[in-house]
Amino acid sequence: MTTDRIDDTDRSFLFVLGSSRPEGNTEILARAAAEQLPAGIPQRWVDLAKHPLPDFQDGRHEDGTWPVSEQEEELRRLTLEATDIVIASPLYWYAVSANTKRYLDYWSGWLGVPGLDFKKRMSGRTLWGVTVMAEEEEDTADGMIASLNNTAAYLRMRFGGVLLGNGSRPGQVRGDERALTRAKTFFEREAPLARFPSEEETGER
């Protein structure tokens with residue numbers, strides 16, 4: 001298992017946009033945070049609404065193979081090339097958007113691809129989240145945060161937490177000074193190895 005921190009010169013970010021609205025509040029906040037990254041760190045941006053994945057079909061325990069679309073192959077490549085993966089999804093019904101959930105469902109399929117070693121290769125990388133929600137109470141996003149944390153824990157990834165913002169109407173997050181201030185240093189924060197809640201209680205891992 002890889003546990004060493006990756007030097008900044010070797011980092012590369014993949015921003016996965018999960019909103020159904022172009023240039024929405026979550027994307028605005030994600031880009032505000034991304035602007036603070038050093039110029040030499042590569043950034044790739046994928047808009048799942050513009051490049052949708054087919055519905056995920058789980059064939060891990062069945063004979064035969066599922067056809068791999070060009071979009072899936074490209075997303076898989078970009079995911080494995082990135083040291084830092086940023087899930088930028090609005091809070092829809094207290095969880096990630098449907099587009100985002102479908103992307104993460106594909107991770108389940110990639111776990112079973114012969115020779116890919118997806119879980120091993122994801123170990124030690126960092127998962128981040130960005131979300132903007134209509135509610136002002138930040139604990140409303142606890143379910144989404146737990147989902148991303150547990151995803152990172154299963155893959156032995158680091159988890160940098162979720163950058164939270166408030167807004168509903170287009171562009172409203174630009175008025176959330178607290179979120180914009182957090183965005184300035186969000187990717188500078190420590191990203192520890194993710195743990196399941198049970199591991200936090202027992203100190204195991």
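Predicted model: local features only at pLDDT ≥ 70, side-chain atom pairs only at ≥ 80, totals over all residues.
User: How many helices and strands does the protein have, and what makes a segment count as one?

Analyst: There are 7 helices and 5 strands. Helices (H or I, at least four residues) and strands (E, at least two) are DSSP runs, numbered from the N terminus. Along the sequence they follow the pattern β-α-β-α-β-α-α-β-α-β-α-α.

User: Why is tryptophan 93 called exposed?

Analyst: Buried means under 20% relative accessible area, exposed over 50%, and partly exposed in between (1.4 Å probe, protein chains only). Tryptophan 93 has a relative accessibility of 79%, and therefore counts as exposed. This tryptophan 93 lies in the loop between β3 and α3 and has a positive phi of about 50° although it is not a glycine.

User: Why is tyrosine 94 placed in another class, partly exposed?

Analyst: Tyrosine 94 counts as partly exposed because its relative accessibility is 45%. Tyrosine 94 lies in the loop between β3 (84-88) and α3 (98-111).

User: What makes Tyr92, Trp93 and Tyr94 a nonpolar patch?

Analyst: Patches are made of residues with over 30% relative accessible area and no salt bridge; like charges are joined within 9 Å, and nonpolar side chains (Val, Leu, Ile, Met, Phe, Trp, Tyr) within 5 Å. Tyr92, Trp93 and Tyr94 form such a patch on the surface, with about 430 Å² of accessible area together. Accessible areas come from the Shrake-Rupley method with a 1.4 Å probe, and for residues only the protein chains shown count as cover.

User: Why is α1 described as mostly covered, and what covers its buried residues?

Analyst: In α1, 9 of its 10 residues are buried; among them are Ile28, Leu29 and Ala30. The cover includes β1 (13-17), β2, β3, β4 (126-133), β5 (158-166) and α6 (177-185). Contact means heavy atoms within 4.5 Å.

User: How do you know that the length of α3 agrees with expectation?

Analyst: The expected span of a helix is 1.5 Å times one less than its number of residues. The 14 residues of α3 should span 20 Å, and the end C-alpha atoms of α3 are 20 Å apart, so the two values agree. The buried residues of α3, including Tyr103, Leu104 and Trp107, pack against β1, α2 (70-81), β3, α4 (118-122), β4 and α5 (142-154).

User: What makes arginine 76 and glutamate 73 a salt bridge?

Analyst: A salt bridge is a side-chain nitrogen of Lys or Arg within 4 Å of a carboxyl oxygen of Asp or Glu. The closest N and O atoms of arginine 76 and glutamate 73 are 2.7 Å apart, and the pair forms a salt bridge. Both residues lie in helix α2, 3 residues apart, about one turn of the helix. Arginine 76 counts as buried because its relative accessibility is 11%, whereas glutamate 73, at 39%, counts as partly exposed.

User: How do you know that arginine 182 and glutamate 138 are paired, and why does the pair tie together parts apart in sequence?

Analyst: The side chains of arginine 182 and glutamate 138 meet in a salt bridge at 2.8 Å, N to O. Arginine 182 lies in helix α6 and glutamate 138 in the loop between β4 and α5, so the pair ties together parts that are 44 residues apart in sequence. Arginine 182 counts as partly exposed because its relative accessible area is 30%, and glutamate 138 is partly exposed at 26%.

User: Why is glutamine 36 called partly exposed, and what does it touch?

Analyst: Glutamine 36 has 40% relative accessibility and therefore counts as partly exposed. Not counting residues up to four places away in sequence, glutamine 36 touches Ala183 and Lys184. Glutamine 36 is found in the loop between α1 (25-34) and β2 (43-47).

Notes. Residues numbered from 1 in each chain as written. Heavy atoms only, no water.
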